[in-house]
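I opened the file to look up how the ligand is held.

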Amino acid sequence: MNEERKGLKEKITKSDIWRSIFRHGYENTGRRYTLQVLQNVWLHLHPPRVSRHALNFRFTWCMGGITFLMFLVTAVTGVLLMFYYRPTAEYAFRDVQYLEFDIPFGMLLRNMHRWAAHGMVISVMLHMFRVFLTGSYKKPREFNWAVGVILLLVTFFLSFTGYLLPWDQLAFWAVTVGTNMARATPGLGHEGPFAPDVVTQANDVRFALLAGTIVGPSTLLRFYILHCVAVPLLASVLMALHFWRVRKDGGISGPL
Amino acid sequence: MEHFIALVTKPDNVPILAMLFLIPYFMWLSYKQARQTDKTGVPSDAALNDKVYVWPYLCRNEFVCAIIVMLVLGIWSITIDAPLEEPSDPTKTPNPSKAPWYFLALQEMLVYFDPWIAGVVLPGFIIAGLIAIPYIDINPKGKGYYTLKERPFALAVFCFGFIILWIVLMIVGTFLRGPGWNLFAPWEKWDPHLVVPLTNVNLSYLFGIREAATANFFGFAVVAGYFALGPIFYFWKRGTSRFLQELGLVRYVIVSFLFLSMLALPIKMALRLGLKIKYVWVSPWFNI
Ligand code: HEM
């Protein structure tokens, strides 16, 4: 029976039709596996081989990877949203409404963007928690932990700048509350301690963040550019650094 | 109660509900592995040199994980719509006004400290403290595996900070803070006209000090004492221990300063809620 099947398989894979479609077979060798990773632009972030425990869900919880996946989802859905959204006080809210009610799958697009962003905040916090619990920040990964902390802040800031864009009450007041604290920055905020007299409401750090003394149209534009261009760029650069360092520091940590 | 259910099921609060399950689950998962290592010892070298090819083994895992996550995200996005409220109106302040959920632990700190501390200084310490962790934790053990026995202090401090001071405060801020940022139990109705008598006094007042300059000095002494006495006492007692010798004075000062800054939050909360103390230190420039 087995012999027969082998013969049949051989017959099929050696046939002219088969070979016109598949130029060569697939060798099950280590060389093949290694090249598969090295020769693929997307996969070559990986090393050719990793230690077995790095595959273990119970060890990494996959949380770093999930954070990256959520970032990719927000990037793709975000670009699609940009086709329908104008960051001005007249249009912003209406464009979101239009997106929800008139654009095919617009609501789904908006939902995916928002929930992936929330998902990214959850997973980045859990990723940090895992890295701490396994002591993976210890030598030689000290610097990558520091890069991670900056990535954590960048993730929060990405989410926070996006929060304003629907330009509804929720957005407006959450950002108002969130940026009010900047008033109290010591030395640099007009209500902070040790602020020199020249620091006023119209030139302190909060003003720099909001482009105004309250959240207004210029804030919307500023947050839009930060959200769609500046912060994603920064995040991408830092992620590239982060992944590169994971490899250079010897791959996923393990008991030595 | 209805408003509480409405609050809990608000679309933007779904992540917090998810955290209520995810955090205990991952705590349990890591606890189990830590117990295992502590019982049977750290896996030997031999087991570790066991390498596998990324393609197909790791890529397959990543693929399956990505599919599962995308399924969850897809279902989440189909079933729950992102919120869109009334158009923004600078003249209509909602009560309560809340920051996004992941900043609510910071907003919660505003109850207990003035904005420059709660909003700027303490977050700065959190960031600096997080970055400093690998450089001040000199314990070489417990690298790359779950354990409880080999680093009890580090784990206790981080879990307290992350679980209690970050996650729990975030949940309190989202679910239990109502109009006027007052605390409401889940079954209580949110009453926007609730007036809570502010009977808080300063610590110096409790000690019978009425004069501003004396109160200022008293407050300074208490705060300075808080940061100095414990570390000095511990150093005097244990300064010659091998651990402190290896840690060195600079690291010791940084560790104790960050640790006490973190503890200052729960201490201030206890003082405020238990003893109705407003400020510990009132000076002409700032209050703590
Ligand atoms: C946008 C945010 C982030 C992304 C996309 C990301 C991604 C990743 C990925 C894919 C890994 C491989 C292992 C794993 O999946 O667990 C990793 C490892 C690591 N991450 Fe992150 N990360 C982020 C944020 C952070 C944060 C906030 C920290 C800590 C404060 C951090 C510290 C580390 C460290 C130290 C490692 C090495 C872990 C080990 O060797 O076991 N990362 N990161």
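This is a predicted model: local features need pLDDT of at least 70, side-chain atom pairs count only at pLDDT 80 or more; totals for chains, interfaces and linings use all residues.

For A:R130, I found a polar side-chain atom 2.8 Å from an oxygen atom of the ligand. For A:S253, an N or O atom of the side chain is 2.7 Å from a ligand oxygen atom.

Next I asked which elements give two or more residues to the shell around the ligand. I list α5 (63–82), α7, α8 (142–164) and α11 of chain A.

I looked up the shell itself. The ligand is surrounded by 26 residues, and the closest are A:H127, A:R130, A:G148, A:H242 and A:S253. By class, I have 13 nonpolar, 11 polar and two charged residues in this shell.

I turned to the metal and asked which residues coordinate the iron atom of the ligand. A:H127 and A:H242 do, each through NE2, at 2.0 to 2.1 Å. I place A:H127 in helix α7 (residues 106–133) and A:H242 in helix α11 (residues 217–248), both of chain A, so the pair ties together parts 115 residues apart in sequence.

I checked the geometry of the iron site. The six donor atoms make angles of 86 to 179 degrees, and the site is octahedral. For reference, I wrote down that ideal angles for six octahedral donors are 90 or 180 degrees.

Notes. Residues are numbered from 1 along each chain as its sequence is written. Chains are lettered from A and ligands numbered from 1 in the order in which they are written. Side-chain values use heavy atoms; hydrogens and water are left out. Donors are N, O and S atoms within 2.8 Å of the metal (3.2 Å for Na, K and Ca); water is not among the atoms, so sites may look incomplete. Four donors count as tetrahedral if all angles lie between 85 and 135 degrees; four count as square planar and six as octahedral if opposite donors are over 155 degrees apart and all others between 65 and 115; anything else is irregular. Helices (H or I, at least four residues) and strands (E, at least two) are DSSP runs, numbered from the N terminus. A residue is near a molecule or strand if one of its heavy atoms lies within 4 Å of it. A polar contact is a pair of N or O atoms within 3.5 Å; within protein, one must be able to donate a hydrogen and the other to accept it, and residues adjacent in sequence count only if both atoms are side-chain atoms. Ala, Val, Leu, Ile, Met, Phe, Trp, Tyr, Cys and Pro count as nonpolar, Asp, Glu, Lys and Arg as charged, and the others, Gly among them, as polar.
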